[in-house]
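Good morning, and thank you for the time. I shall take you through one structure today, going from its aromatic residues to its helices and then to its charged pairs.

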Amino acid sequence: FGRYGDLVRAAVRRKLHPGLRSRFDSLDFAQDVWASFLAEPGRRTFDTPQALARFLTRVAENKVVDAFRGRFEAARSDIA
C-alpha cells in the first residue's frame, strides 16, 4: 500500500468525471481497489513491479468507469 497507494489514487482522480467528484471520494475508490486485490491473495502473480502498477491502475480505472455507468444508467432510467 505504501508503494502503490498514491498511484491508485492518482489513477482514480484522472478517470473520475468532475461532475461526480462531489458524490464520490477518491479514497473510497482506492479502498475498493485494495479490497478487490486482497480478496484473493496469491491468485495473481506479477513479473515486475511495473506489471503490478499497471494492474492496479487498470482496476482503479475500471472501478471509476463502473460507478459512472451505474450513476448514468440510474439517471437515465429515472423518469422523474
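The count of aromatic pairs in this predicted model comes to six. One of them joins Phe1 and Trp34, an edge-to-face pair with 5.7 Å centre to centre and 65° between the planes. This pair links distant parts of the chain, since Phe1 belongs to the segment before helix 1 and Trp34 to helix 2, 33 residues apart. The two partners may be set side by side in terms of accessibility. Phe1 counts as exposed, at 66% relative accessibility, whereas Trp34 is buried, with a relative accessible area of 13%.

A further pair is formed by Phe37 and Phe55, whose ring centres are 6.2 Å apart; the planes stand at 55°, so the pair is tilted. Phe37 lies in helix 2 and Phe55 in helix 3, so parts that are 18 residues apart in sequence are tied together by this pair. Phe55 itself is partly exposed, with a relative accessible area of 25%. Which residues make up the aromatic cluster? Phe1, Trp34, Phe37, Phe46 and Phe55 form one cluster.

Helix 1, residues 5-15, can be read in a similar manner. Buried here are Gly5, Val8, Ala11 and Val12. These residues cover an arc of only 130° around the axis, which puts them on the same side of helix 1. Asp6 and Arg14 are exposed on the other side of helix 1.

Leu56 is buried, with a relative accessible area of 0%. What does Leu56 touch, leaving aside residues up to four places away in sequence? Its contacts are Tyr4, Val8, Val33, Trp34 and Phe37. Leu56 and Val8 are 48 residues apart along the chain, yet their C-alpha atoms are separated by 6.4 Å.

I come finally to the charged residues. How many salt bridges does the structure hold? There are three.

In one of them, the side chains of Arg9 and Asp6 meet at 3.2 Å, N to O. Both residues lie in helix 1, three residues apart, about one turn of the helix. An α-helix has 3.6 residues a turn, so residues three or four places apart point the same way. Arg9 is partly exposed, at a relative accessible area of 22%, while Asp6 is exposed, at 52%.

Glu61 and Arg58 form another salt bridge, their closest N and O atoms being 3.5 Å apart. This pair also has a spacing of three residues, about one turn, within helix 3. Glu61 counts as buried, at 17% relative accessibility.

Lys63 and Asp32 likewise meet in a salt bridge, at 3.7 Å, N to O. Here the pair links distant parts of the chain, with Lys63 in helix 3, residues 49-77, and Asp32 in helix 2, 31 residues apart. Asp32 counts as partly exposed, at 35% relative accessibility.

Terms used
Residues are numbered from 1 along each chain as its sequence is written. This is a predicted model: local features need pLDDT of at least 70, side-chain atom pairs count only at pLDDT 80 or more; totals for chains, interfaces and linings use all residues. Side-chain values use heavy atoms; hydrogens and water are left out. Buried means under 20% relative accessible area, exposed over 50%, partly exposed in between (1.4 Å probe, protein chains only). Helices (H or I, at least four residues) and strands (E, at least two) are DSSP runs, numbered from the N terminus. The arc is that of the directions from the helix axis to the C-beta atoms. A salt bridge is a side-chain nitrogen of Lys or Arg within 4 Å of a carboxyl oxygen of Asp or Glu. Contact means heavy atoms within 4.5 Å. Rings of Phe, Tyr and Trp (its six-membered ring) pair if their centres lie within 6.5 Å; planes under 30 degrees apart count as stacked, over 60 as edge-to-face and the rest as tilted.
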